[in-house]
Amino acid sequence: GVTGILGSMLLKDLLEKSNSTIYCLVRDKNLLNAEKRILSIFEVYKTEERIYEKFKKRVKLIHSDITKEKLGLTPKAYDELADSIDLTIHNAAKVSLHGIYENLIKTNVSGTESMIDFALKTKQQYLVHVSTYAVMGDRQYESSQPFTEKDFDIGQGFLHMGYQQSKFIAEK
């Protein structure tokens, strides 16, 4: 999810607050296009010049597809990547608030399963899954009863809410 707004801002924070090498999976076969997309979001948010320098030194873009077996990588590349990773952060999703569930399953549900499988192949087996408020489905927000992680499955409905349902099933 690094080429989206949230993912790019997450990357920026990681560059600012860590010294880690950061491997980013991107669908675009042209890695230069993916890099330009990320950097253009940095530009919109007036990112400091030092972050661009850190990006060039510490970010490794990898053409990949979370909807494919072994993330679309060769078995060797998949294993080498897993051996290099201490923490997996999964932020990728097909965001379509009016999308049809069947059109979102592949990315939002199966893609999450693929990232879980990948994280389990790493030494530390740590996965951070970036969620969304959409998992609350048709439940109305009430300040007297906030929706928290403890309230995940409260019988909320998802009629005509394909995106929300796909994120709920992925998180479940």
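## Basis

The model is predicted, so local features need pLDDT of at least 70 and side-chain atom pairs count only at pLDDT 80 or more, while totals for chains, interfaces and linings use all residues. Residues are numbered from 1 along each chain as its sequence is written, and side-chain values use heavy atoms, with hydrogens and water left out.

## Overall fold

The protein has six helices and four strands (DSSP runs numbered from the N terminus: H or I of at least four residues for helices, E of at least two for strands). Along the sequence they follow the pattern α-β-α-α-β-α-β-α-β-α. The radius of gyration is 17 Å, close to the 16 Å that the globule rule gives for 172 residues, so the protein is as compact as a globular protein of that length (radius over C-alpha atoms; rule 2.2 Å times the number of residues to the power 0.38). Along the principal axes, the C-alpha atoms fill a box of roughly 45 × 40 × 30 Å.

## Contacts of helix H1

The axes of H1 (residues 5-17) and H2 (residues 31-44) come within 9 Å and cross at roughly 80° (lines fitted to C-alpha atoms over the stretch in contact, with angles from 0 to 180 degrees between N-to-C directions). H1 and H2 are therefore roughly perpendicular (65 to 115 degrees; under 35 is roughly parallel, over 145 roughly antiparallel, the rest oblique). Ile5, Ser8, Met9, Leu11, Lys12 and Leu15 of H1 meet Ile38, Ile41 and Phe42 of H2 (heavy atoms within 4.5 Å). The residues of this contact divide into seven nonpolar, one polar and one charged (nonpolar: Ala, Val, Leu, Ile, Met, Phe, Trp, Tyr, Cys and Pro; charged: Asp, Glu, Lys and Arg; polar: the others, Gly among them).

With H3 (residues 49-58), the H1 axis comes within 10 Å and crosses at roughly 90°, which makes H1 roughly perpendicular to H3. Here Leu11, Lys12, Leu14, Leu15 and Glu16 of H1 meet Arg50, Ile51, Lys54, Phe55 and Arg58 of H3. This contact has five nonpolar, no polar and five charged residues.

## Largest pocket

The largest pocket holds about 1,400 Å³ of space (an open set of points on a 1 Å grid over the protein atoms alone where a 1.4 Å probe fits, with protein on both sides within 12 Å along at least five of seven lines; lining residues have an atom within 4 Å of a point). Grid points are joined across faces, edges and corners, and the volume is the space filled by probe spheres set on them.

The lining has 50 residues, of which Gly1, Val2, Ile89, Asn91 and Ala92 lie nearest the pocket centre. H1 gives the largest share, six residues. By class, the lining has 26 nonpolar, 17 polar and seven charged residues.
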